[in-house]
Amino acid sequence: MINNIPKDKRLILFDGVCNLCNSSVLYVIKRDKKNKFLFAPLQSKIGETIINEFNIDTTEIDSILLFNPETYKIYSKSAAALHVGKSLNFPTNIMAVFFIIPAFIRNWFYDFIAKNRYKWYGKRDACMIPTPELKAKFLD
């Protein structure tokens with residue numbers, strides 16, 4: 001299943017019931033002019049497969065993962081968000097400057113937002129269902 005992901009793509013795994021995460025996915029789709037990204041909820045089969053493959057503790061990481069099939073590497077938390085941002089066009093790509101901040105500091109802010117995301121942005125009853133036009137960008 002993981003080997004079926006095209007090597008020239010990056011897979012963003014997101015919390016499919018989180019309103020902030022779903023808005024972030026739509027933000028990336030709108031700005032992904034080079035068509036680099038595919039998407040899947042963490043709760044999907046591919047999400048579960050990657051979580052198991054990389055032994056990810058979902059009590060620690062439950063909002064975003066970025067999988068690079070070319071290097072078979074997984075990024076989480078602020079590193080995932082910044083790698084996505086730097087792959088998009090200006091001005092989003094200037095987010096990469098935040099890589100100069102040590103990961104433990106970036107992740108403290110990331111965890112604070114992730115911990116409060118349902119309270120601040122709300123939660124859906126089910127994962128987002130992509131429109132027919134966007135269906136090709138989503139994996140099950």
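In what order do the 4 strands of the open sheet run? The answer is S2-S1-S3-S4, with mixed pairing. Before you click around: this is a predicted model, where local features need pLDDT of at least 70, side-chain atom pairs count only at pLDDT 80 or more, and totals for chains, interfaces and linings use all residues. Residues are numbered from 1 along each chain as its sequence is written, and side-chain values use heavy atoms, with hydrogens and water left out.

**Stop 1: the sheet**

Show the cartoon. Helices (H or I, at least four residues) and strands (E, at least two) are DSSP runs, numbered from the N terminus; two strands pair if DSSP finds at least two bridges between them. Select 37-41 (S2) and 73-76 (S4): these are the edge strands, each with a single partner, so one side of each has no neighbour in the sheet. From one strand to the next, the twist averages 20 degrees.

**Stop 2: S3**

Now pick residues 64-68, which form S3 and pair with S1 (residues 10-14) in the antiparallel sense over 4 bridges. Phenylalanine 14 has isoleucine 64 as its bridge partner, and leucine 11 stands opposite phenylalanine 67. S3 also pairs with S4, again antiparallel over 4 bridges; there, phenylalanine 67 has isoleucine 74 as its partner.

**Stop 3**

Zoom to tyrosine 72, in the loop between S3 and S4. Its phi is positive, about 55 degrees, although it is not a glycine. For background, most residues other than glycine have a negative phi, and most peptide bonds are trans. Tyrosine 72 counts as partly exposed because its relative accessibility is 34%.

**Stop 3: H3 against H4**

Colour residues 77-86 (H3) and 103-121 (H4): the two helices pack at an angle of about 95 degrees, with their axes 8 Å apart. Axes here are lines fitted to C-alpha atoms, for helices over the stretch in contact, and angles run from 0 to 180 degrees between N-to-C directions. H3 and H4 are therefore roughly perpendicular, a label for 65 to 115 degrees (under 35 is roughly parallel, over 145 roughly antiparallel, the rest oblique).

Show side chains for Lys77, Ser78, Ala79 and Leu82 in H3, which meet Arg106, Asn107, Tyr110 and Asp111 in H4; contact means heavy atoms within 4.5 Å. While you are there, click lysine 77, a residue of H3. Lysine 77 has a positive phi near 50 degrees, and it counts as buried because its relative accessibility is 13%.

**Stop 4: the loop and along H4**

Next, select phenylalanine 90 and proline 91, joined by a cis peptide bond with omega about 5 degrees. Proline 91 is in the loop between H3 and H4.

Then follow H4 itself. Its buried residues are Arg106, Tyr110, Ala114, Asn116 and Arg117, and their cover includes helix H1 (19-31), S3 and H3. Centre on lysine 115 to see a kink of about 45 degrees; the bend at a residue is the angle between axes fitted to the seven residues ending there and the seven starting there. Finish at glycine 122, which follows H4 and has a positive phi near 90 degrees.

Notes. Buried < 20%, exposed > 50% of the residue type's maximum accessible area, 1.4 Å probe, protein only.
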